[in-house]
Amino acid sequence: MKLWKGRFSKEATSSSDEFNASIPFDQRMYEEDIKGSIAHAGMLAKQGILTEEEGALIIKTLGEILEDIKAGKIEFSIEGEDIHMSIETILTERIGQTGKKLHTARSRNDQVAVDFRLWLRKETAEIDSKLDELMKTLQELAETHQETVMPGYTHLQRAQPVTLAYHLLAYYQMFSRDKERFADGLKRINRLPLGSGALAGTTYNTDRQYLADQLGFDSILPNGMDAVADRDFAIEFLNCCSICMMHLSRFCEELILWSSVEFGFVEIDDSYSTGSSIMPQKKNPDMAELIRGKSGRVYGDLMALLTVCKGLPMAYNKDLQEDKEPVFDASDTVKNSLGIFTEMISTMTVKKDTMAKAAKYGYMNATDAADYLVGKGIPFRDCHEIIGKMVLYAIGEGKALDELTMEEFKSFSDAFAEDIYDAISIENCIKAKQSEGSTSFESVRKQLDKITSQ
């Protein structure tokens with residue numbers, strides 16, 4: 001039975017009921033809905049809108065309904081329409097007329113808004129915990145690989161030598177910003193819409209601050225029309241999810257490349273790889289590829305909600321029923337991706353020798369050779385040209401720069417002396433970096449110490 005049936009002379013068709021219902025997906029918010037209703041009932045009793053006995057009975061019965069749902073004793077159906085009406089119907093079935101009084105001084109519009117914010121508050125905390133686990137794993141890997149030398153890339157071309165620890169800490173910083181974004185978004189999630197009614201407030205003498213205190217909200221949304229119509233907080237959450245997935249996708253792309261025979265820098269553990277149905281030799285980095293692919297899925301969730309909201313007039317519109325599925329999907333995807341990614345990198349094998357060899361034969365000490373000539377008083381632009389010609393020569397000879405003879409060095413500039421070999425050794429190239437935040441062993445140690453002290 002519809003709780004709003006009084007105005008209507010015809011029953012909805014079964015197809016209309018099915019199309020209209022959100023209970024198949026919004027039942028995920030049953031706990032948040034009940035918590036909101038318990039706070040609302042408490043406020044109504046406190047304000048004398050319900051008697052103390054009525055408030056106590058409603059609160060007690062809602063608690064019992066919550067336990068029954070958790071125990072699997074209650075199944076929701078399309079007839080319930082949404083989680084709000086489903087729970088209210090169950091409440092009324094159990095305690096009769098008193099149950100019908102719960103909805104006094106509120107609308108489903110502010111009810112769904114508070115449920116959604118409570119749910120997102122919980123999900124934000126879970127994602128934050130997943131990010132903590134990933135960042136801890138990155139920190140531990142960086143501690144282990146402070147002296148593991150590898151090529152640093154620009155344009156996917158070998159550029160300058162770095163350490164694996166330095167590379168890992170770059171991603172650590174990306175994920176730390178993701179934590180900041182989710183935490184900042186939580187400030188706007190954690191504002192109370194309940195008590196706004198359908199859009200214009202209510203004639204009852206309610207206490208919204210009491211509701212905010214009971215439900216742990218930082219503040220009250222000051223305008224009821226905005227409170228029920230706003231989904232900025234959900235869009236912002238999806239934006240945070242999208243950026244986080246982008247960071248995961250970038251890292252996965254590198255792991256996919258690094259695990260190929262052509263790179264051979266890492267080997268993904270068998271537990272996080274799959275094989276081919278036709279090619280017996282294959283070992284595919286499917287977990288990394290799936291995470292990379294799921295980034296597009298989360299981007300789609302963001303675009304879906306942006307599109308839903310782009311043309312809506314004030315205040316609440318049924319279109320907003322379409323807000324939950326993309327948010328639910330994105331949150332699940334981010335949590336699952338963070339979890340499997342953390343497991344994958346914690347078990348991968350790093351091939352240090354292959355990385356070191358790639359660093360040696362990539363001419364990545366060319367910049368340091370140019371800096372060496374700058375130290376001899378030659379303008380940098382001239383140094384750049386000299387070393388460029390020298391690299392071209394070395395490529396033709398099939399030699400690394402530190403394999404050139406002194407005679408060969410001198411053929412490009414008389415400024416070269418025996419100390420050039422120390423200046424362009426890969427290890428010294430890394431040690432020589434002095435700027436804060438560089439790849440030098442000392443700088444990486446400081447970066448790790450700063451992380452540890454936070």
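Trainee: What is the relative accessibility of Lys101?

Mentor: This is a predicted model in which local features need pLDDT of at least 70 and side-chain atom pairs count only at pLDDT 80 or more, while totals for chains, interfaces and linings use all residues. Residues are numbered from 1 along each chain as its sequence is written, and side-chain values use heavy atoms, leaving out hydrogens and water. Buried means under 20% relative accessible area, exposed over 50%, and partly exposed in between (1.4 Å probe, protein chains only). Lys101 counts as partly exposed, with a relative accessibility of 34%.

Trainee: How many residues apart in sequence are the parts tied together by Lys101 and Glu54?

Mentor: Their side chains meet in a salt bridge at 2.4 Å, N to O; the rule is a side-chain nitrogen of Lys or Arg within 4 Å of a carboxyl oxygen of Asp or Glu. Helices are DSSP runs (H or I, at least four residues), numbered from the N terminus. Because Lys101 lies in the loop between H5 and H6 and Glu54 in H4, the separation in sequence is 47 residues.

Trainee: What arc do the buried residues of H13 cover around the axis?

Mentor: Met355, Ala358 and Ala359 are the buried residues of H13. The arc is taken over directions from the helix axis to the C-beta atoms. These residues lie on the same side of H13 because their arc is only 100°.

Methods: Helices (H or I, at least four residues) and strands (E, at least two) are DSSP runs, numbered from the N terminus.
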